[in-house]
Amino acid sequence: MMNVSNLSKNTLNEMFAANKRFDGRKITDFRKIEITYDVSNKAEGSARIKLGKTDVVVGVKLAPGTPYPDSLDKGNLMVSGDLLPLASPRFEHGPPGFNAIELPRLIDRAVRESGMIDLSKLVIKEGEKVWTVFIDIYPINDDGNLIDAAALATIAALKKAHIPSINEKGIVDYDKKADPLPLQKDIAPISFSFFKLGSSLILDPTREEEEACETRVTWGVSKMFGGYRINSCQKSGKQIITQAEIEKMMSLLPEKCDELNEKLKKLL
Amino acid sequence: MAKRSDGRKATEMRPMIAKVGVIPNADGSALFAFGKTIAIAAVYGPRLLHPQHMQDPAGAVLRCNYDLLSFSVSDRKKPGPSRRSQEISKVTEWALSPAVDLSQFPNTVIDVQIYILQADAGTRTAGINAASLALAQAGIPMRDLVCSVALGKLDKELVVDLTKEEEDQHDGEGATDFAIAKIANSDEFTLLQLDGKIAPEQVNEVMVLAKKAAEQIYEVQKKALKEAVE
């Protein structure tokens with residue numbers, strides 16, 4: 001992590017407490033979202049999202065593979081990603097650091113647990129051959145809140161994804177698209193990462209704001225079973241979270257989820 | 001109320017075992033079991049941290065390592081760190097560090113080693129309970145012990161301390177697994193990790209259940225520490 005001066009930290013702390021930010025947003029407001037599709041025509045589905053200056057691309061690839069022994073009647077899902085040195089002076093080549101491990105794991109859990117992808121429809125030959133869905137996440141520019149941005153890019157890329165055609169011999173023709181990727185209609189997990197500074201909980205921080213906070217709690221939320229369901233959660237960081245803070249996040253989630261879903265309807 | 005496969009009530013925990021001082025070489029050590037899940041933990045340190053550039057003059061560095069022993073699970077686990085174990089090591093570190101006072105030991109490291117002998121769900125929580133005991137036995141100043149438990153939801157019902165069989169259940173809304181740790185005698189949560197499908201309002205109920213479960217774990221932990229000094 002970059003070191004933030006105590007002066008900026010104190011200033012941010014005071015501003016958040018007054019529900020203010022440098023860019024004029026309230027502390028739980030998101031930045032402007034822009035989505036573009038078909039970043040790469042070689043991918044089965046791809047999307048690029050801009051959340052303010054944060055910029056993330058996600059590509060979906062499909063490849064035939066063998067099913068896992070505990071799910072012979074289902075396709076596989078693999079989420080990976082890398083914090084490319086392209087996106088920030090803080091990212092370096094080499095073995096993945098903790099943040100590079102955590103990001104795809106959090107997206108994996110949100111997508112998998114929401115059931116957005118109907119993996120049971122991705123069987124080519126039961127028990128022998130299934131489609132593996134690869135979701136690969138790459139930040140292009142990191143200006144904070146990469147996880148939430150990556151989740152939005154992921155659902156956008158999945159919604160555009162197709163299954164490539166495959167002949168009787170099992171040879172895949174990636175240039176010929178067959179059916180759309182089977183998705184559970186209306187389910188789309190959205191990620192909300194609350195960052196704690198002092199007693200304030202903020203959403204969608206810029207890099208500077210994120211650096212000033214010491215603890216983050218990320219929630220993956222979807223609408224299912226006629227209500228809101230939390231599919232994934234992880235607290236990251238050394239500070240404690242009180243019960244009152246958990247209750248506060250729980251009361252905010254449904255309203256933020258509706259707000260973002262409304263925005264996404266126009267964008268997706 | 002749905003009956004659980006092992007006959008427990010929804011809020012009933014598996015039998016717990018805690019033993020302190022199980023590894024003579026370590027500065028502190030403990031074993032903690034939730035039913036068939038068994039974790040052992042050792043603490044080494046505080047000792048001088050090398051390389052020097054990693055030292056913190058403001059206090060000790062707490063370094064946790066969690067892993068499954070290769071034979072602790074049905075399908076043998078390939079030895080060596082995985083992405084899963086690296087993530088759990090890190091969240092364990094975050095779960096424990098708010099409870100310990102590291103300021104008295106500048107430039108040192110406190111190593112916490114956690115290994116799972118036998119896994120039947122709740123391994124990270126059992127590991128945190130064992131590690132918390134090991135830190136206490138090592139004499140590291142602590143605000144209080146850290147108590148950790150996995151709660152969850154089977155279809156619509158909230159339950160405490162899930163087994164592997166329950167975790168893998170798909171009936172109704174399926175299973176939700178929520179690993180929680182808190183500092184004893186406080187309102188402060190240090191680990192929150194969840195997979196599944198749970199409504200926001202139910203999360204608040206889970207916290208209430210977690211507090212009650214943590215109180216029971218605390219009693220077992222205290223008893224084990226007392227036994228170690230007698």
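Trainee: In which sense do strand S4 (residues 61-68) of chain B and strand S5 (residues 108-118) of chain B pair?

Mentor: Bear in mind from the start that this is a predicted model. S4(B) and S5(B) are joined over 8 bridges, and within this pairing Leu62(B) stands opposite Ile110(B) in S5(B). The sense in which these two strands pair is parallel.

Trainee: How does the radius of gyration of chain B stand against the globule rule, and what radius is found?

Mentor: Chain B comes to 4 helices and 9 strands, in the order β-β-β-β-α-β-α-β-β-α-β-β-α from the N terminus. For 230 residues the globule rule gives 17 Å, and the chain comes close to this, so chain B is as compact as a globular protein of that length. Its C-alpha atoms fill a box of roughly 55 × 40 × 35 Å along the principal axes. The radius of gyration of chain B is 17 Å.

Trainee: Which element gives the most residues to the side of chain A that touches chain B?

Mentor: The contact takes 31 residues from chain A and 27 residues from chain B. Among the elements of chain A that each supply at least two residues to this side are helix H2 (98-114), strand S12 (227-237) and helix H5 (243-267). By class, the side of chain A has 14 nonpolar, 9 polar and 8 charged residues. With 11 residues, the element that gives the most is S12(A).

Trainee: Which residue in S9(B) does Cys233(A) stand opposite?

Mentor: Strand S9 (residues 188-198) of chain B pairs with S12(A) in the antiparallel sense, over 4 bridges. In S9(B), the residue opposite Cys233(A) is Leu194(B).

Trainee: How many residues does the largest nonpolar core have?

Mentor: In soluble globular proteins, nonpolar side chains tend to be buried together. Here the residues with the most contacts inside the largest core include Ala150(A), Leu96(B) and Ala130(B), and helix H3 (residues 146-159) of chain A contributes the largest share, 11 residues. Leaving aside neighbours within four places in sequence, Ala130(B) is in contact with residues including Leu31(B), Phe32(B) and Ile114(B). The largest nonpolar core has 144 residues.

Trainee: Is Asn145(A) buried or exposed?

Mentor: Asn145(A) lies in the loop between strand S6 (129-141) and H3 of chain A, and its phi is near 55 degrees, a positive value in a residue other than glycine. A residue needs 20 or more other C-beta atoms within 10 Å to count as buried. Asn145(A) has 28 such atoms, so the word that applies to Asn145(A) is buried.

Trainee: Is Asp186(A) buried or exposed?

Mentor: Asp186(A) also has a positive phi, of about 75 degrees, although it is not a glycine, and it lies in the loop between strand S8 (172-180) and strand S9 (190-197) of chain A. With 10 other C-beta atoms within 10 Å, Asp186(A) is exposed.

Trainee: What is omega for the cis peptide bond that joins Gly45(B) and Pro46(B)?

Mentor: Most peptide bonds are trans, whereas the bond between Gly45(B) and Pro46(B) is cis. Pro46(B) lies in strand S3 (residues 37-48) of chain B. Omega for this bond is about 5 degrees.

Technical notes: Residues are numbered from 1 along each chain as its sequence is written. Chains are lettered from A and ligands numbered from 1 in the order in which they are written. This is a predicted model: local features need pLDDT of at least 70, side-chain atom pairs count only at pLDDT 80 or more; totals for chains, interfaces and linings use all residues. The radius of gyration is taken over C-alpha atoms; the globule rule is 2.2 Å times the number of residues to the power 0.38. Two residues are in contact if their C-beta atoms, placed from the backbone, lie within 7 Å. Ala, Val, Leu, Ile, Met, Phe, Trp, Tyr, Cys and Pro count as nonpolar, Asp, Glu, Lys and Arg as charged, and the others, Gly among them, as polar. Two strands pair if DSSP finds at least two bridges between them. A nonpolar core is a set of buried Ala, Val, Leu, Ile, Met, Phe, Trp, Tyr and Cys residues joined through C-beta atoms within 7 Å. A residue is buried if 20 or more other C-beta atoms lie within 10 Å of its own, exposed if 12 or fewer, and partly exposed in between; C-beta atoms are placed from the backbone.
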